[in-house]
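User: Hi! Could you walk me through this structure in simple words?
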Amino acid sequence: MRGRSMRAAFYDGQGPAAEVLRIAELDDPVPAAGEVRVRITVSGVSPGDTKKRAGWPGSPMVYSRVVPHSDGAGVIDAVGEGVDAARIGTRVWTFGAQSYRAFGTAAEMTCLPQELAVPLPDGVTDEVGACLGIPGITAHRAVFADGPVAGSVVLVQGVLGAVGSLAAQLARWGGATVIGTCTRSTDILAASAVAHHVVALDGPDPAAAVREFAPGGVDRVVEVSFSDNLALDVAVLADNGVVASYATRHDPTTIEFWPMAFANVTLRMLGSDDFPVASKRHAADDLTAAAADGALAISVAEVFPLSRIAEAHDRVDSGGRGRVLVSVAGLADSGE
């Protein structure tokens, strides 16, 4: 007998958003042992989600059907065996819902391991919660993987991006002095909201501008484009500094070995799906605490109803500032 149904977005094959994303009624999911079911209010869209849908290199179609998006927020409405029933009715934010899993948050309900549903403090909106997952955990790992940053100088390349902005705010929350970079001089004012000092990459000598503010060099770099910025990073790093990179524009790319060897530089490459479990838990705890402290300001570019999820994916792929969200509960238009 068919169970109750929910509304969900999904794709059965990879390709352009408008061609492959569908919305239909699917059976309500039932939480397995160790899982919770979350009634989703807001689903966060990240570039990784759209790359998986598009069939980006290294993102094969592993499952016959995928409900996209790893990030979201909502309320637990059912639990599986072994999960405390007291969790029912609690607000949570989610991460990793579609990491090595077929069913993410672009649906009215999703089931996931209980540790991937993190309590959302009072005073923190669902919209903020839906933005913490992929970019927040990546940002946290980039900033803190090599230990505390109190008293350090952290350079965040691309400080206006989703990961960069959160990295800058987490580093400040952790007691670091933060230098941010932006692409154009016209972006300095906006970037100043999250960094102590901002350097525009279109200036005459960005490395000198960083060194002027931090004459002893920077201790850590959070890097958005390894291939484009490594030379600058090495030019401004203090001895024993770290470059933590989560993206690159060109692959493969070359590096200058000896300048980094003489400075004892550590290169840390970050792939968010495969961070150690303990690191993800640490990140989730810190992100929740920072959000509760009011230390995280997140810019939302646009909120789309579930019926317009293809437009939301296209909006992410077009670039630009601010997070893109999909409203699942509340059904933001009459077509829902």
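User: Which side chains does Asp28 meet in a salt bridge?
Analyst: The partner of Asp28 is Arg4, at 4.0 Å from N to O. A salt bridge here is a side-chain nitrogen of Lys or Arg within 4 Å of a carboxyl oxygen of Asp or Glu. Please keep in mind that this is a predicted model: local features need pLDDT of at least 70, side-chain atom pairs count only at pLDDT 80 or more, and totals for chains, interfaces and linings use all residues. Residues are numbered from 1 along each chain as its sequence is written, and side-chain values use heavy atoms, with hydrogens and water left out.

User: What parts does that pair tie together?
Analyst: Asp28 lies in the loop between β2 (22–27) and β3 (35–45), and Arg4 in the segment before β1 (5–10), so the pair links parts that are 24 residues apart in sequence. Helices (H or I, at least four residues) and strands (E, at least two) are DSSP runs, numbered from the N terminus.

User: And how many salt bridges are in the whole structure?
Analyst: The search finds 14.

User: New topic: at what angle do α4 and α10 pack?
Analyst: Helix α4 (residues 134–144) and helix α10 (residues 277–292) pack at about 105°, and their axes are 9 Å apart. That is why α4 and α10 are roughly perpendicular to each other, a label for angles of 65 to 115 degrees. The axes are lines fitted to C-alpha atoms over the stretch in contact, and angles run from 0 to 180 degrees between N-to-C directions.

User: Which residues meet there?
Analyst: From α4 come Gly136, Ile137, His140 and Arg141, and from α10 come Ser279, Lys280, His282, Ala283, Asp286 and Leu287. Contact means heavy atoms within 4.5 Å.

User: How much space lies in the largest cavity?
Analyst: About 120 Å³. The whole structure has 1 cavity of 30 Å³ or more. On a 1 Å grid over the protein atoms alone, a cavity is a set of points where a 1.4 Å probe fits but cannot get out, and a pocket is an open set with protein on both sides within 12 Å along at least five of seven lines; lining residues have an atom within 4 Å of a point.

User: Which helix gives the most to the cavity lining?
Analyst: α4, with 3 residues. The lining of the cavity includes Ile134, Ile137, Thr138 and Lys280.

User: What about the second largest pocket?
Analyst: It holds about 190 Å³ of space. α10 gives the most to its lining, with 3 residues. Among the lining residues are Tyr100, Val277, Lys280 and Arg281.

User: Where is Tyr100 found?
Analyst: Tyr100 sits in the loop between β5 (91–94) and β6 (109–113). Its phi is near 60°, a positive value in a residue other than glycine.

User: Last one: what kind of peptide bond joins Asp251 and Pro252?
Analyst: A cis one, with omega about 5°. Pro252 is in the loop between β12 (237–245) and α9 (257–262).

Notes:
Parallel < 35°, antiparallel > 145°, perpendicular 65-115°, else oblique. Points joined across faces, edges and corners; volume = space filled by probe spheres on them.
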